[in-house]
Structures are given as C-alpha cells and as structure tokens.
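These notes are for a colleague who is opening this entry for the first time. Please read them with the sequence and the model side by side.

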Amino acid sequence: FRFPPLDYYTISSCFKLGNIAQAQRNLGEAQAWYQRMMELSLIQQQLTDSPVSCRNLLLSYGCLGDVARARGDLAHAEDWYLQALELNQRLARQLGTPEARQNLSTNLDRLGSIALARGALEQAQRWYQQALELSQALYRETGNPISRRNLAVSCESMGHVTEAQGKLEEA
C-alpha cells in the first residue's frame with residue numbers, strides 16, 4: 001500500500017497554514033493545524049514508516065512545541081521536543097545526512113532553551129553542549145552557510161547559559 005500523494009500535500013498544507021497562523025500570533029489556530037498535521041503524519045508513519053513520514057511527524061512535534069513555548073507552557077513544549085528528539089536521533093542514525101544531524105542539533109537547542117527558561121542551568125548546558133558538538137562537526141564537514149549559521153546559534157546559546165551561570169568572562 002502506498003500513501004496517496006494527496007495526503008502528502010495535505011500534511012504540507014497543514015504545516016504551511018500552521019506557520020501562517022503562528023506568524024499572525026494566532027496560536028490556537030496554529031496549534032489546530034499542527035495537531036492535524038501530527039494526526040496525518042501518525043497515520044502516514046504507521047502505513048509507511050519511511051524517513052519522510054518520520055520527518056513529517058517530528059516536524060509536527062517541533063511545531064507543537066514551538067506553539068506551547070510561545071504560550072509560556074514550558075512543560076508541554078518540553079514534552080513535544082522530547083518526542084521529536086527520539087525521532088530525530090533515529091533519523092540521524094538511520095540516514096546520517098547533514099540535514100538529519102542538523103535537525104537533531106536544532107532539537108537539542110530547543111530543549112536547552114526550555115531548560116534555560118526554567119532555570120535548570122546545568123541541564124541547559126548539557127543540551128546546548130550536545131548541539132554545539134553537532135554544529136561544530138557539521139561545519140567541519142560541510143562548511144556551508146547553513147552550518148556556519150547553526151554553529152553561531154550554538155555558540156550564542158552556550159553564551160546565554162554561561163552568562164546565566166554568572167560566568168560573564170567566559171560568555
């Protein structure tokens with residue numbers, strides 16, 4: 001059984017409509033679109049268990065986490081990001097592509113930002129350190145502008161946690 005192409009476009013449309021709603025700060029509508037995207041992605045994952053279906057599912061988890069974080073609901077944001085982390089780790093192992101590893105780095109950075117916002121500085125540092133190590137490896141491997149930007153984001157994140165720890169001279 002092959003997943004009908006229409007559903008791929010439906011998933012993509014839910015993602016885009018969620019992004020539009022989120023950009024307009026309509027978080028309730030964004031959440032509804034991302035929730036629908038997740039539901040369709042779960043069905044797709046059960047039917048195909050392909051890297052594409054896995055990517056769609058983890059993308060929906062990340063988007064739902066972003067909405068929860070924008071609402072100030074750090075606990076739910078962390079839950080969504082942790083669900084995405086499991087899939088990101090699986091895809092990074094399975095595919096080994098720079099894109100899959102970059103997605104994992106972004107996920108780790110999101111978890112670090114949640115820990116930092118909650119004041120869990122050691123945990124934030126661990127998440128950020130993992131993201132930094134991945135970003136450094138990707139930059140050494142590819143040297144492209146995307147990897148350079150992500151390395152800069154990782155360095156900045158480590159600076160934020162170092163600053164929060166009161167180690168301004170290291171930040």
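1. Arginine 90 is partly exposed, because its relative accessible area is 25%. The scale used here calls a residue buried under 20% relative accessible area, exposed over 50% and partly exposed in between, with a 1.4 Å probe and protein chains only.

2. A word on the basis of these notes. This is a predicted model, in which local features need pLDDT of at least 70 and side-chain atom pairs count only at pLDDT 80 or more, while totals for chains, interfaces and linings use all residues. Residues are numbered from 1 along each chain as its sequence is written, and side-chain values use heavy atoms, with hydrogens and water left out.

3. The side chain of arginine 90 forms a salt bridge with that of aspartate 49, at 2.6 Å from N to O. Aspartate 49 sits in the loop between H2 and H3 and arginine 90 in helix H4 (residues 74-95), so the pair ties together parts that are 41 residues apart in sequence. A salt bridge here means a side-chain nitrogen of Lys or Arg within 4 Å of a carboxyl oxygen of Asp or Glu. Helices are DSSP runs (H or I, at least four residues), as are strands (E, at least two), and they are numbered from the N terminus.

4. Most residues other than glycine have a negative phi. With a relative accessible area of 42%, aspartate 49 is partly exposed.

5. Arginine 25 also has a positive phi, about 65 degrees, although it is not a glycine. Arginine 25 belongs to the loop between helix H1 (5-23) and helix H2 (27-48). Its relative accessibility is 56%, so arginine 25 counts as exposed.

6. How many salt bridges does the rule give? The count comes to 7. One of them joins the side chains of glutamate 39 and arginine 36, at 3.6 Å from N to O. Both residues lie in helix H2, 3 residues apart, about one turn of the helix. Glutamate 39 is partly exposed at 36% relative accessible area, and arginine 36 is partly exposed at 39%.

7. In helix H3, arginine 69 and aspartate 66 lie 3 residues apart, about one turn of the helix. Their side chains meet in a salt bridge of 3.7 Å, N to O. Aspartate 66 is buried, with a relative accessible area of 16%, whereas arginine 69 counts as partly exposed at 32%. Asp66, Arg69 and Arg110 are linked in a network of salt bridges.

8. Next, a helix pair. H5 and helix H6 (residues 121-142) pack with their axes 8 Å apart and at an angle of about 155 degrees. Axes are lines fitted to C-alpha atoms, for helices over the stretch in contact, and angles run from 0 to 180 degrees between N-to-C directions. H5 and H6 are therefore roughly antiparallel, a term for angles over 145 degrees, with under 35 as roughly parallel, 65 to 115 as roughly perpendicular and the rest as oblique. By class, the contact of H5 with H6 has 13 nonpolar, 8 polar and 4 charged residues. Nonpolar covers Ala, Val, Leu, Ile, Met, Phe, Trp, Tyr, Cys and Pro, charged covers Asp, Glu, Lys and Arg, and polar the others, Gly among them.

9. Glutamate 99 is part of helix H5 (residues 98-118). Glutamate 99 counts as exposed, at 51% relative accessibility.
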